[in-house]
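Student: I have a model open here and would like to go through it with you. Could we begin with how the helices pack?

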Amino acid sequence: MHNVMVNGAAIPVIGLGTWTLKDEVCSELVADALSLGYRHVDTASTYDNERAVGEGLRFSGVPRDEVFVTTKVWYTDIAPGDLERSAEESLKRLGLDAVDLLLIHWPNPEIPLAGSIKALNAVRNFGMARHIGVSNFPTRILAEAVRLSDAPLVANQVEYHPYLDQIKVHAACRAVGMAMVAYGPLGRGGALLEEAVIREAAKRHGKSPVQVVLRWHMQQEAVVAIPRAERKEWLAENIDVFDFELSNEEMAAIARLRSKNLRFYINEGYHAPQWDEPG
């Protein structure tokens with residue numbers, strides 16, 4: 001598995017996103033993913049599946065130190081005291097002594113950021129998380145979080161795919177040595193996978209449109225993708241992306257989709273706090 005090296009952390013470039021996965025389905029998919037070579041699993045306290053993720057990790061038989069595990073603290077629980085308790089509860093559900101990465105899931109304007117970042121650092125200092133970071137932070141708040149943190153932040157997890165422009169967020173992450181972790185890397189509703197530039201690239205390389213989009217993520221500096229999968233065959237497809245390379249022309253053509261389809265997101269009323277205006 002290839003890793004992105006950021007601020008002392010080695011994050012596998014493809015991970016398993018587990019949002020919406022529950023109970024035995026979740027634990028079996030986690031174990032299946034690890035058997036296929038995945039070494040990165042992403043969950044969160046609000047997903048209500050940390051216990052199942054932990055069971056999948058143990059059932060797989062893969063040594064704990066070979067798997068990069070991320071979880072997140074929900075935005076209502078990021079005040080000092082609450083954040084530490086949430087992290088401890090996540091570890092109990094996962095059945096782990098520590099996670100590899102603990103993220104603040106969303107910023108909360110009702111809770112001062114300074115206290116949240118201090119608490120996040122405390123969790124790291126207590127040994128409950130090897131690395132810390134944030135999720136869904138726009139560039140202004142990201143810069144403040146970096147300034148406030150004693151330990152380096154290693155990632156900002158945001159929605160990112162060729163239809164959704166995250167140029168400013170990506171640049172802000174790179175400027176301070178952080179990874180940008182892309183959730184929803186394949187877009188929404190399947191329209192992205194029907195785009196001609198993606199289907200043509202897939203045909204040229206003998207790959208699927210899904211694999212082309214994930215490869216597009218991988219070939220960008222310090223970008224990690226965590227696609228969700230509900231079937232074992234999807235797991236296998238998502239990780240089979242290490243034996244081909246997109247050309248510069250193909251990368252640029254796929255990137256241009258953000259301009260073509262920006263209007264779609266505006267017309268549909270789409271907005272996420274992590275999204276900066278393009279430019």
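Tutor: The axes of helix 7 (residues 196–205) and helix 8 (residues 209–218) come within 8 Å and cross at roughly 100 degrees. Axes are lines fitted to C-alpha atoms, for helices over the stretch in contact, with angles from 0 to 180 degrees between N-to-C directions. Helices are DSSP runs (H or I, at least four residues) numbered from the N terminus. This is a predicted model: local features need pLDDT of at least 70, side-chain atom pairs count only at pLDDT 80 or more, and totals for chains, interfaces and linings use all residues. Residues are numbered from 1 along each chain as its sequence is written, and side-chain values use heavy atoms, leaving out hydrogens and water.

Student: Which residues of helix 7 and helix 8 make the contact?

Tutor: Helix 7 contributes Ile 198, Arg 199, Ala 201 and Ala 202, and helix 8 contributes Pro 209, Val 212 and Val 213. Contact means heavy atoms within 4.5 Å.

Student: Where does Ser 208 lie?

Tutor: Ser 208 sits in the loop between helix 7 and helix 8.

Student: Is Ser 208 buried or exposed?

Tutor: Ser 208 counts as buried because its relative accessibility is 16%; buried means under 20% relative accessible area, with a 1.4 Å probe and protein chains only.

Student: What does the side chain of Ser 208 make a polar contact with?

Tutor: The partner is the side chain of Glu 237, at 2.6 Å. A polar contact is a pair of N or O atoms within 3.5 Å; within protein, one must be able to donate a hydrogen and the other to accept it, and residues adjacent in sequence count only if both atoms are side-chain atoms.

Key
Helices (H or I, at least four residues) and strands (E, at least two) are DSSP runs, numbered from the N terminus. Buried means under 20% relative accessible area, exposed over 50%, partly exposed in between (1.4 Å probe, protein chains only).
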